[in-house]
Amino acid sequence: MNDEFFMREALSLARAAECLGEVPVGAIVVREGIIVGRGFNTPIGESDPTAHAEIAALRDAARNLGNYRLPGCELFVTLEPCAMCAGAIMHSRISRVIYGARDPKTGVHGSVVDLFGVERLNHHATVKGGVLAEECSTLLSSFFASRRKKTQ
């Protein structure tokens, strides 16, 4: 299993979010090749601004592993993390973050800022972007295009 395999799993969760009318972002947490946490965006349905895919996946993994720290775990997410999610990723001690599409409005792996590169922070994950970027980006673009169409 490789990064593309796990990103496809995150994409399936993003599609589940889309079916609920949520922005289609999905995330999984993997430890030693096994998915230990899953999540997708639900801020609209939950009326919760923190209900991002990454947060849901981290919470699920922490519950499943019985620890709020997730060393040795990898997070796969279909969209470049925002500042809130980057903070949660750092606090959970995720070792590696792999994302699909860049987020030019709120992405913090270089699109807007690079929080993962701030040396003064006490934990650092390695980050890899662009895995299945076109599929991830197309899913998001199609979602927003269909929403714009409905409001015209």
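I counted two strands as paired if DSSP finds at least two bridges between them. Helices (H or I, at least four residues) and strands (E, at least two) are DSSP runs, numbered from the N terminus. The model is predicted, so I note that local features need pLDDT of at least 70, that side-chain atom pairs count only at pLDDT 80 or more, and that totals for chains, interfaces and linings use all residues. Residues are numbered from 1 along each chain as its sequence is written, and side-chain values use heavy atoms, with hydrogens and water left out.

Entry 1, the sheet.
I looked up the strand order and found an open sheet of five strands, β2-β1-β3-β4-β5, with mixed pairing. β2 and β5 (126–128) are the edge strands, each pairing on one side only. From one strand to the next the twist averages 15°; for this and later angles, axes are lines fitted to C-alpha atoms, for helices over the stretch in contact, and angles run from 0 to 180 degrees between N-to-C directions.

Entry 2, the neighbours of β1.
β1 (residues 26–31) and β2 (residues 34–40) run antiparallel and are joined by six bridges. I found G39 of β2 as the bridge partner of A27. The two strands form a hairpin with two residues between them, and E32 in the turn has a positive phi of about 55°. To β3 (residues 73–79), β1 is joined by five bridges, again antiparallel. Here I28 stands opposite F76 in β3.

Contact means heavy atoms within 4.5 Å.

The axes of α1 and α5 are 11 Å apart, at an angle of about 5°. α1 is therefore roughly parallel to α5, a term for angles under 35 degrees. M7, R8, L11, A14, R15 and E18 of α1 make the contact with E135, C136, L139 and F143 of α5. I sorted these residues into six nonpolar, no polar and four charged. In this sorting Ala, Val, Leu, Ile, Met, Phe, Trp, Tyr, Cys and Pro are nonpolar, Asp, Glu, Lys and Arg are charged, and the others, Gly among them, are polar.

How far apart are the axes of α3 and α4? For α3 (residues 53–65) and α4 (residues 83–92) I noted 9 Å, with an angle of about 20°. E54, I55 and L58 in α3 meet M84, C85, A88, I89 and S92 in α4. By class, this contact has six nonpolar, one polar and one charged residues.

I counted four salt bridges, each a side-chain nitrogen of Lys or Arg within 4 Å of a carboxyl oxygen of Asp or Glu. One of them links D3 with R96, whose closest N and O atoms are 2.6 Å apart. D3 lies in α1 (residues 3–19) and R96 in β4 (residues 96–101), so the pair ties together parts that are 93 residues apart in sequence.

How values were computed. Angles under 35 degrees count as roughly parallel, over 145 as roughly antiparallel, 65 to 115 as roughly perpendicular and the rest as oblique.
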